[in-house]
Amino acid sequence: MASFKSTKIPIYPKLGEKVTPDTLYWKNYKAPVQIKEFGAVTSIDFSSLAPHNYAVTASTRIHIYGPFSTEPVKTFTRFKDTAYSGKFRSDGQLLVAGCEDSMVRLFDVSGKVALRVFKGHTKGVHVTDFTSDCYHILTGSDDYTCRLWDIPNSTELTSYKEHTDYIRCGITSKLNRDIFITGSYDHTLRVFDARVEKSVMTMDHSQPVESVLLYPSEGLLVSAGGRYVKVWDLLKGGQPLVSLKNHHKTVTCLSLSSNGQRLLSASLDRHVKIYNTTNYKVVHNFDYAASILSLALAPDDESIVVGMTNGVLSIKHRKSPEEKREMAGKQRMQPVYRIFVKGRNYVPKKDDFLVSKPVKSHLAKYDKQLKKFNISKALDTQLRQISCTILIPEITVAVMKELDRRGTLKNALAGRDEQNLSQLLNFLIGNVVDPRFTPVLVTATEMILDIYQAVVGQSSVVDRQLVRLQELVEREVDYQQDLLEVLGMLDTLFAASLPRKEVPCPGSSR
Amino acid sequence: MVEHAEIRMVHRGGSKINFREPVITNDSRFLLCAAGESVNVYSTSTEEYVHDLQGHTGLVTGVVLNPSNHLQVYSCSADGTVRLWDFTDAILIKTFIIGYPIYSIYVSEKHGGVVFLVVPMANYKSSELFQLVAVHLPHSGDQEVEARELSAVLCDVSPHAGAASFGREGEYIAAVRGLQLEVFFFKKQKSYRFSLKSGKKKGAKNAFTCISCHPKEDCIATGHEDGKIRMWRNFNQKKEYTYSTLHWHHGAVNTLCFTPEGTNLLSGGIESVLVHWHYTQENQKDFLPRLGAAITHIAVSPDGSLFSTSHSDNKITIIQSCVKVSAVIQGLVKGDGVWTNLIIDPRSKALVLNGKPGHLQFYSLHRDKQLYNLDIVQQEYIHEEGLDQFEVVKAAFDARGDWLATVEERRKKGAELEINLKLWAYDELTQSFVLNTTVTAPHEDQITAMFFSPSPETTMLVTTSLDGHFKAWLLADHSDANEGFWACDFVGGYHLLKPGCCSFSADGSLLSVGFQEVVTVWSPASWELLTTLSQPPGAIRDLCFGRLSCSKYLLGASTKNQLCCWNLLTCSLEWSTPMDVSLLQTDPLSENMAAFCSQSGSSDLFVFKPSEPRPLYSQKALCTGKVQHAVFAPRDQMLESCEERTQWLNRSQLYFFTQHMDLLTFSTKTEEDRLLASSKQLMVDDSVAVTPFYLLLGKHRGQQLEKQEALTNPMAERTQLPQGSIAIKELLHTPAHVLPSASFLCAMFVRSLLISSSSAREEKEHEEGEMEREEEDSEGEADPRLGESAAWGPPEEFGAPALTKAQERELRKVKTFDHSWLSSLLDC
């Protein structure tokens, strides 16, 4: 007497990306905290000082947030027009910001009023930065010039007018106090040395440059502009290394992860892509609700802060290890593992006489019913487990397939009341177009239509569902037709592009 | 034909054991069942085959115990004889010649010396009318007796077994046929007929299928096609008979049987559930479900302790009083068809083919025993007629037997085909195949051929399908997973023609695929189309590469009576011959090929080498009908035949299935002689059932004896222990209950190990000098001196001269005892 063979649930290949260490790392963030700002968030900068506050520049204000606060700890509002590029000095004491009114303001982080105001630019200043010696400020403006200012004397040191369009990005070297790089809408990147009159290096990005970034070693330079992210080797005289085109809209911001192993790029296409810096492959991807203008990572990647055009600031915090452990602890509480292994791991001694008990096989609920040939009940028990039906439709489909194999699917589907039928129709609407389940569910759908043909029109719920089902099927048929057309086009193209090959003739020796 | 006399076609195993109801002997030790032209005897406890009763020349159609002697059995056969056997020793006692083909046999205790047989009606020999006749078996000393005294009892009966039954103490016999039940009372010599309405209105099928009479009461149980069981009572009159109905079966009731005391009724049908009805409480029933296949017969042992059910898959299950299955006797399963063709498993050398539905069976050809069943479909089998079930349609092994590929198929009416390709890996630990990969819908249409590449480096599988493609599947190396899985490597086609067959060359460097009329040759290494060969008209049905010295040839058989042979070096046709080849098979161990041709309703066989114009062997009119399945099975030992005609059978043996699903093979004279000799040898010492335990013990005993001999031999060089071995044999072979007490045996046993006194004394006289003779003799009369140990050594060398005469005598007395038995016992 053989035992009952349970219904086989087919294992379908998992679609979607594979689980890599990268996805695990970048998925380990909590749900984002969203803060509404007054306008588009153009710049975010983290302080290098211990609590790691960050300055968010949006509209005419600069807000400074603490690492876990949703309310700003400090606000600078003394701007007459749109503020740009709020940046902390490396000691975290001073903050500099440009403004559309061409003035550059320097603030004490604890104060309120500007310590210094640098006047000299004739148009809005989009770029500001401190040099590595902390005594100078770099600015870049829409009047095509970039200038260096001295903080103590609040005087202009030098001015470079080499760019032929707006300067929208710039960065100072962290290793050398005299070197800085600017990127402009004239498609060029220029490397300046404050000790020299002219630029020392020019690179052509061939798109308006939106963002530049230096590697910690400062041997490599990354620039973003248009849809491209380009990497340049500065030590080889500005030779282009790679050009990445993974976004389908302008890339607006670049950032490096804290260990320098991963490069992040944010774009107007609402995605943040993370690249491996050794092979420049995309290893992960974040989606946001709106076009992204600014992006910053907290030290140790503790949080990812993203500013968007709709003025929303989104902050994702990394899950702390305690929380993880808490989750694991909860899981351990649920199944009483000890009961399952009770006495199982006992190793018999040498003289023990072993009495083996036959292992009782546990059948699933639907299998118990199938064993008893209760066909309707088998389907019902499966459909009633709503969570199971939604999450794992494979099981329900497998039960239906088994009933179909037994030739009793029609009997199992028949004789249902309104509630039962609508439950069934809901399931069909959810899964009938899934290519994995279509062969089975189409037969089931046909059977249902056959059986309940006579009672159509008696229940509004069922009727509505039937109409939905009809629309769904029609749409799917249209899709399939379109796909076939595309396939035909592709075939034509491929056939045209392939070189004609001689067909070997019978008898000809080759 | 005369010159081929040394090659003979023989049936080799696989006979039907479920044809008729089996018989369990009175002591419940043996089970007898009709199997082809002989009656097989199985042990009920070990399920081993004991021996067979051979002698009938036609199909055996019934076996019953002799009611007057429970150690004898009657068997009837279509050759028109009834034979009486002693089944414990397989001795034919008597043969009664009836003269008509017999279809069933019934006996009753009350009618001693009479057997009831179902024979065709005398006047309508060709028609399908049968009658039940009583035959008085004449008492005569002769071996062969003519029994022509037939007296008709009932006319127009069914020839099926189970359609007639004796009632209470043999007072009446009841038989069913169609819609009619007929009861014949022997005392009154009168018969009553009861008929049912055909009842076609409600779609009910009332026809009788089987019958069983209660052994103690006047009650007849009948089974019907619609699954009902009717219990008839009060039937000794025409009018006021009654019946009650029991209904559980949803298909036809195939068989019914009362237990000997009449307390229970057993029934079985297509559901493969043994239903156990309680006679007194009719609504109470027990079930024994999932017995594997439809039940065709049920038999109960005379003491009621064992039931046996025969199943449609050539299986007999022995059940202990409906509680649990105790043994399964499984023959070669012959299902509805052999779709997989015949395959030889390279590991176990077993024949592999479709077994139970959804299974592959591994059948040992040498032992005529099913080794195991491999569940391919892995689904609960629903025993119901008219269902579309999954069937295993293709199977293939790779060259080493590490991988097995199977294709299962389910065709639904009006719906698309469901196909699964499964790949199984051989697991050394469990000694069985484990599922590795399942590919659902590998092709869009039926798979026509499937082969593994024979090359040892790559394991590659090629499938061809009616959807116009052939696909190559490779084992994908997966570094982080523990095991690899199979994935499609290449999809090929040729002008959207439908490929029908494919074949790999012996080294796996070439693949030929037959696309209807065109044969394409591909290189599996680069998947380049190397060349195409075509020889219209007719689509290619079979393709085979030559082997060894003939590997440059490619043979193809087309549907339009053409057998072509291409030379692959010149890419040209070497020869072709008009032949309607239904099957082309290559011998894996030689260059030989076998072609089965069908001609005017019968099949011919040609065995040839592709390089030689003359066939090695040909046999016309092999059997009626087309031969669809054949295989070359490698032999265990090579034959050393030098004769030209039998040389092709040296390395492997050709097995084939006829249209009627008989497994046949070719055997040579030398081989048969050897088989006969070995069977005779077996007969000598096999008086009891050869159980594995006995074999183990017997072997162990034999080794011990040998060891003993080896130990004793150096001690008593010239003397053997002839009596000893006989005594041991007696000890081992006599049943325990007839042996005397153990203490008595011990003495006998020990004595048997000693050396006989007469021979020992001669030795002594020879060894010891003249001077001791008088003393020796004087002692010898008093003491039971039986032997002497050679290892004891001559006493003179270390015997001290200071010893007195009496002491010396004492010593000698001790010395004369044989101690070898003691040492040998200690050694054991």
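This is a predicted model: local features need pLDDT of at least 70, side-chain atom pairs count only at pLDDT 80 or more; totals for chains, interfaces and linings use all residues.

The crossing of α9(A) with α11(A) is left-handed.

Which residues of α9(A) meet α11(A)? They are A:E418, A:L421, A:S422, A:L425, A:N426, A:L428 and A:I429, and their partners in α11(A) include A:V461, A:L466 and A:R468. Contact here means heavy atoms within 4.5 Å.

## A sheet of four strands

Chain A also has an open sheet of 4 strands in the order β22-β23-β24-β25, with antiparallel pairing. Strands β22 (251-256) and β25 (282-287) of chain A stand at the edges with a single partner strand each, so one side of each has no neighbour in the sheet. From one strand to the next, the twist averages 20°.

Strands β23 (residues 262-267) and β24 (residues 271-276) of chain A pair over 5 bridges; strands count as paired if DSSP finds at least two bridges between them. Here A:L264 stands opposite A:I274 in β24(A).

## An enclosed helix

Helix α5 (residues 375-384) of chain A is largely enclosed by the rest of the structure, because 7 of its 10 residues are buried. Buried means under 20% relative accessible area, with a 1.4 Å probe and protein chains only. Among the buried residues are A:I375, A:D380 and A:L383.

## Reading the numbers

Residues are numbered from 1 along each chain as its sequence is written, and chains are lettered from A in the order in which they are written. Local features need pLDDT of at least 70, and side-chain atom pairs count only at pLDDT 80 or more, while side-chain values use heavy atoms, without hydrogens and water.

Conventions:
Helices (H or I, at least four residues) and strands (E, at least two) are DSSP runs, numbered from the N terminus. Axes are lines fitted to C-alpha atoms, for helices over the stretch in contact, and angles run from 0 to 180 degrees between N-to-C directions. Buried means under 20% relative accessible area, exposed over 50%, partly exposed in between (1.4 Å probe, protein chains only). A crossing is left-handed if the near helix is turned anticlockwise from the far one by less than a right angle, and right-handed if clockwise.
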